[in-house]
Amino acid sequence: MKTDAIIIGSEFDGLIAATRLDECGYSIRMFSNGVGSLHYAPEGIHVLGYTSSCSEQIVTAPLAEIPHLDKSHPYQKIGVQQVKNAFNWYENIIGEIHQRVAINGSNKLAVSAAGLCIPVYGTFNHQATMEKISGKTVAIARLRDYRNFPADLIAVGLGNSGINNSIFDIGAPSKILENTVIAKAFDALDELDGYFSAIKESVPTQTEVILFPAIMGMSRNREVLATAERVLEVPCLEVPTLPPSVPGMRLEHAFTHRLQNSRTAFHIGAWPSQRWLAEGNRIVICDDMGRRFEVSVVIVSSGGVLMGGLDVDSYGWVHETAFGFHTFQSEPLRAATVEQSLNALHTAGVETDNALRPQRKESGTCRNVFVTGRTLAHWNPAMESSAEGVSIATGWAAAENARGYLETINNG
Amino acid sequence: MEQQVGTVFELRETERDRRTVLRSMDQCTKCGICHAHCPVAAVTGEFPGPMYSGPQAQRFRVIKSGFEISPMLCSGCGVCTSVCPNNVAISDIIALAKSEIMEKGRGVRLGQRLLNRPELIGRLCGIFPRLTNNLLGIPVIRSIIEWLLDIHREAPLPKVHGRQFKRWFIRHTQPEGPVVSYFTGCAIDNYDPDVGIAMVRLLNHLGYRVDVPTDLCCSLPMLSSGETTPARARARVLIDALHSSALEGRKILSTSTSCSLTLRSKYATCLDMTDVGCRDVANAVVDACEFLLDRHVRQLCESLKPLPLRVLYHAPCQLRGHRMGTPAVELLRLIPGIELELSQADCCGIGGTYGYHKNNYDIAMSIGKMLVDQVRRFKPDVIVCDSETCRWNIAARTSIESIHPVQLLMRALGKKFD
């Protein structure tokens with residue numbers, strides 16, 4: 001079968017790149033090694049929450065802050081205009097396949113699983129933000145014995161932000177209290193009206209907004225919350241839970257579902273064990289079961305250390321696992337302080353040129369391999385709070401660059 | 001001149017054996033992703049989930065193995081291994097724990113022992129197939145079977161056909177051409193002759209001469225329920241029977257994703273059989289759809305006729321273990337006019353012989369609900385699935401014809417069955 005591109009890893013950036021290439025009519029195979037880090041992404045789309053020099057200083061307009069970042073930062077490599085284009089594209093596609101995301105050029109303060117205010121660029125329709133709840137009397141819905149939603153902690157956090165709140169108990173639709181199980185149980189609930197009518201009595205009087213844990217349905221999420229709002233007659237919002245994140249899974253599912261239905265082949269568990277350049281700059285990849293694939297473009301979006309795209313050797317140095325690309329790392333992971341070590345871990349990754357093409361150890365830059373997301377060096381998703389933004393921007397930019405390359409070779 | 005793109009930094013185990021499977025438990029970071037995706041843990045509180053039952057409990061098993069019930073509730077679907085970002089062989093760890101419990105503990109029950117010998121049941125019942133099928137349709141008899149053998153009265157037992165495929169194949173005249181071997185396994189020979197006939201005819205159509213070296217069972221049911229000693233003996237006989245095909249450089253095709261996965265990797269991981277013979281056979285075995293996709297796309301495209309059907313494709317669990325994507329989907333998409341929907345369920349619930357057991361039947365039914373609901377919504381004309389036990393289960397629960405991808409390809413080629 002003809003394949004134009006192989007994407008290694010099904011991280012968020014890989015899904016973005018695949019969706020973009022698929023949209024342009026290219027055929028893609030995705031090799032993935034376990035699920036992606038969207039399972040840990042609870043609070044919407046982080047673009048740039050804090051300045052990279054100081055994790056205390058909140059950024060309000062992330063796009064305006066990009067020119068102040070280090071020149072080697074992925075956003076800087078791509079350029080502000082391209083980053084903007086990427087977000088515009090994302091806004092359209094996500095509205096089409098999942099739900100409209102509120103993006104208006106500035107960060108909003110979203111409520112985190114610990115009740116803190118976190119700067120987030122794109123929030124989901126029913127996501128709790130300070131904007132939506134400030135000055136209102138809030139009721140937090142608590143599920144008894146459910147560990148992943150610390151209602152008391154959230155109550156304290158909101159109280160510190162000056163929001164009147166109280167907690168009330170609701171029953172779970174399933175016996176097993178795990179995020180995904182409860183979410184799927186809401187999907188399967190025949191009597192949604194009945195469920196919410198039953199909890200109506202326990203909602204404290206004068207409640208103006210109800211905060212539910214972000215487990216209100218997996219695929220029928222919008223319907224569940226719309227029913228809740230209709231029956232309970234107040235706005236119902238979701239606050240993220242501890243991972244695995246149901247909103248992250250909804251997002252991941254929206255992309256995989258679209259790709260699967262448009263001929264993208266997912267090779268789950270497959271990983272490149274051998275790769276070489278063949279005639280005409282074609283790339284040959286053999287998976288670890290010995291299957292051979294020949295493609296024009298490879299995009300590496302296998303994630304960072306946590307998701308297996310990078311690994312640390314016993315000397316404290318980070319390596320790229322799929323191709324063994326040249327990596328950048330400021331210092332080994334046994335630096336003097338924990339902060340230094342963590343920073344070295346987060347900013348380590350594959351070194352690329354401005355088109356996201358990695359260096360080959362022997363002979364210059366690759367022409368048709370692109371690296372995205374956490375596999376890239378020179379950015380710190382934890383400190384900057386920029387994980388999903390960089391994923392969207394680099395995934396989109398890699399796809400655009402790949403498209404440029406494919407067009408040149410196809411035109412002779 | 002071929003050139004390396006990058007230097008090789010080997011981290012992944014390319015060939016797993018028992019030792020590497022068990023050692024992978026140390027890679028578990030307790031992220032809980034496997035638990036979030038486990039179809040069994042989603043429907044029953046009795047199963048503590050793959051993370052606890054697999055890598056976490058394994059630490060204690062290393063010290064002292066004793067009686068524990070939790071691994072027995074695992075259906076072996078392998079979703080956990082496929083979603084793990086850290087390469088922990090979760091389902092293999094649980095499978096090994098299962099067989100250890102069986103060997104050391106209470107032993108394998110009579111009903112399971114019978115289910116583990118599908119070709120024996122097939123032969124016995126195949127003497128009077130119609131009588132057997134009629135008897136198995138009587139509720140009282142099924143209740144007695146449940147009481148005696150722990151096989152649930154509602155479990156989707158397949159119809160017995162006698163040795164119909166074998167009889168057909170002996171009489172069947174084939175064209176001259178390159179030879180491929182076809183490993184039928186016990187299901188084709190005793191319960192599902194139509195798939196075998198479709199496969200042979202399709203290969204003939206593509207110019208191959210088909211050789212069927214053996215009709216032995218791959219021993220997967222034994223191996224997944226802990227009867228390791230007889231499983232090993234049987235695997236040895238099977239490997240000997242298939243080795244000559246492998247040595248002649250022939251591909252050994254299989255229409256069952258579970259049989260082919262057993263030959264490809266389970267002998268090494270669960271039975272520690274890693275000798276040359278096993279390796280040769282493992283490398284020669286190839287899934288039928290993968291083979292067709294690899295070599296005959298153009299030929300198929302030229303001869304496939306439009307087939308205006310609503311088709312639901314369900315990927316069986318064992319397909320995940322092959323790590324080859326979904327070749328059947330790519331093949332089905334070659335058929336013009338087909339309206340294809342992909343199953344959103346990770347598992348149909350039956351898990352080989354898992355759902356037949358009276359203790360697991362309810363769990364299996366709950367797991368399968370998602371697929372059944374999707375079938376009700378989509379209302380397909382036909383359901384396509386690569387694995388036989390899944391097909392029997394799906395057909396029994398939805399009353400919609402469930403067939404193997406090669407059968408649908410044969411229909412699109414406009415070929416009739418005998």
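Visitor: Hi! What percentage of the 412 residues of chain A count as buried?
Guide: Hello! This is a predicted model, and in it 51% of the 412 residues of chain A count as buried.

Visitor: And how many helices and strands does chain A have?
Guide: Chain A has 13 helices and 20 strands. Its radius of gyration is 22 Å, close to the 22 Å that the globule rule gives for 412 residues, so chain A is as compact as a globular protein of that length.

Visitor: What box do its C-alpha atoms fill?
Guide: Along the principal axes, the C-alpha atoms of chain A fill a box of roughly 70 × 50 × 40 Å.

Visitor: How many of the contacts in chain A join residues at least 24 apart?
Guide: Counting contacts between residues at least 6 apart in sequence, 67% join residues at least 24 apart.

Visitor: Let's switch to chain B. What is the strand order in its open sheet of 4 strands?
Guide: The order is β3-β2-β4-β5 in chain B, and the pairing is parallel. At the edges are β3 (209-211) and β5 (285-287) of chain B, each pairing on one side only. From one strand to the next, the twist averages 40 degrees.

Visitor: What holds paired strands together, in general?
Guide: Strands of a sheet pair through backbone hydrogen bonds.

Visitor: Okay, how many bridges join β4 to β5 in chain B?
Guide: There are 3 bridges between β4(B), residues 252-254, and β5(B), and the two run parallel. Within this pair, Ile252(B) stands opposite Val285(B).

Visitor: Which helix packs on that sheet?
Guide: That's α17 of chain B, residues 288-295, which touches β4 and β5 of chain B. The direction of α17(B) makes about 80 degrees with that of β5(B).

How values were computed. Residues are numbered from 1 along each chain as its sequence is written. Chains are lettered from A and ligands numbered from 1 in the order in which they are written. This is a predicted model: local features need pLDDT of at least 70, side-chain atom pairs count only at pLDDT 80 or more; totals for chains, interfaces and linings use all residues. The radius of gyration is taken over C-alpha atoms; the globule rule is 2.2 Å times the number of residues to the power 0.38. A residue is buried if 20 or more other C-beta atoms lie within 10 Å of its own, exposed if 12 or fewer, and partly exposed in between; C-beta atoms are placed from the backbone. Two residues are in contact if their C-beta atoms, placed from the backbone, lie within 7 Å. Two strands pair if DSSP finds at least two bridges between them. Axes are lines fitted to C-alpha atoms, for helices over the stretch in contact, and angles run from 0 to 180 degrees between N-to-C directions.
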